[in-house]
Amino acid sequence: MNYGNIKKCDIADGPGVRVSLFVSGCRHHCKGCFNAETWDFHYGQPYTKETEAEILEALAPSHIQGLTLLGGEPFEPENQAKLAELVKKVREAFPQKDIWCYTGYLYDVDLIPGGKVFTENTDAMLSCIDVLVDGEFVEEKKDITLRFRGSSNQRILEIGKMRSGE
């Protein structure tokens, strides 16, 4: 897996101050995408153990609220194994911090058994994610007044609460 960027002080992609990992590779190719260079699976640099250590270190300060995964597309099958490993380590090291993930895939269609991108790693990823923003960016539904979403079709799903029955 490659990644395009790590933002260590991101305030746009979830609540509070966050560490955001922009992975490479996306098959959606949404018209008007803000990060089209990350469509290429080879864009950026290889994700390594050193990259993982850098992210974990960046998450350590108390003012950091959590981690956000976006891209590119975190749920592309090629990205899921590394990200499942990362979110598990984040959850273990920082149980008080939240994990957000942006995906163009639909939670209840594509990320379920038999879904378009369901793999042996999907449930492991989802089990560590607190908030999933799902749905492709649709330029015709772009709305800059929406918080943490680019277009009105996208949903903010508190899957952590859904799992715990809250």
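In the predicted model examined here, L67 touches R18, V19, I55, L59, L86, V87, V90, D98, I99 and W100, when residues up to four places away in sequence are not counted. L67 also belongs to the largest nonpolar core, which has 31 residues, and is listed together with L21, I55, F75 and L86 as having the most contacts inside that core. The elements that contribute two or more residues to this core are the strands β1 (2-10), β2, β4 (64-71) and β5, together with the helices α1 (49-59), α2 (77-93) and α3 (122-128). Of these elements, α2 provides the largest share of the core, with 5 residues. Another core, of 7 residues, lies apart from it and includes W100, Y102, V133 and F148.

Two members of this other core, W100 and F148, also form an aromatic pair, and the count of such pairs comes to 1. The ring centres of W100 and F148 are 5.1 Å apart and the ring planes stand at 70°, so the pair is classed as edge-to-face.

The packing of helices was examined next. Two packed helices are described by the distance between their axes and by the angle that the axes make. For α1 and α2, the axes come within 11 Å and cross at roughly 30°, and the crossing is right-handed.

Leaving aside neighbours within four places in sequence, E76 is in contact with G25, C26, R27, H28, F41, Y105 and V117. The C-alpha atoms of E76 and F118 are 9.1 Å apart in space, although the two residues are 42 residues apart in sequence. N121, placed in the loop between β5 and α3, has a relative accessibility of 17% and so counts as buried, the limit for this class being under 20%. With neighbours within four places in sequence left aside, N121 is in contact with Q80, A81 and A84.

G32, found in the loop between β2 (17-23) and β3 (45-46), is partly exposed, with a relative accessible area of 43%. Apart from neighbours within four places in sequence, G32 is in contact with F137 and E139, and the C-alpha atoms of G32 and V138, which are 106 residues apart along the chain, are separated by 7.9 Å. H63, which lies in the loop between α1 and β4, has a relative accessible area of 52% and is therefore exposed, a class that requires over 50%. The C-alpha atom of H63 is separated by 8.3 Å from that of G16, a residue 47 residues away along the chain.

Notes:
Residues are numbered from 1 along each chain as its sequence is written. This is a predicted model: local features need pLDDT of at least 70, side-chain atom pairs count only at pLDDT 80 or more; totals for chains, interfaces and linings use all residues. Side-chain values use heavy atoms; hydrogens and water are left out. Helices (H or I, at least four residues) and strands (E, at least two) are DSSP runs, numbered from the N terminus. Buried means under 20% relative accessible area, exposed over 50%, partly exposed in between (1.4 Å probe, protein chains only). Contact means heavy atoms within 4.5 Å. Rings of Phe, Tyr and Trp (its six-membered ring) pair if their centres lie within 6.5 Å; planes under 30 degrees apart count as stacked, over 60 as edge-to-face and the rest as tilted. A nonpolar core is a set of buried Ala, Val, Leu, Ile, Met, Phe, Trp, Tyr and Cys residues joined through side-chain atoms within 4.5 Å. Axes are lines fitted to C-alpha atoms, for helices over the stretch in contact, and angles run from 0 to 180 degrees between N-to-C directions. A crossing is left-handed if the near helix is turned anticlockwise from the far one by less than a right angle, and right-handed if clockwise.
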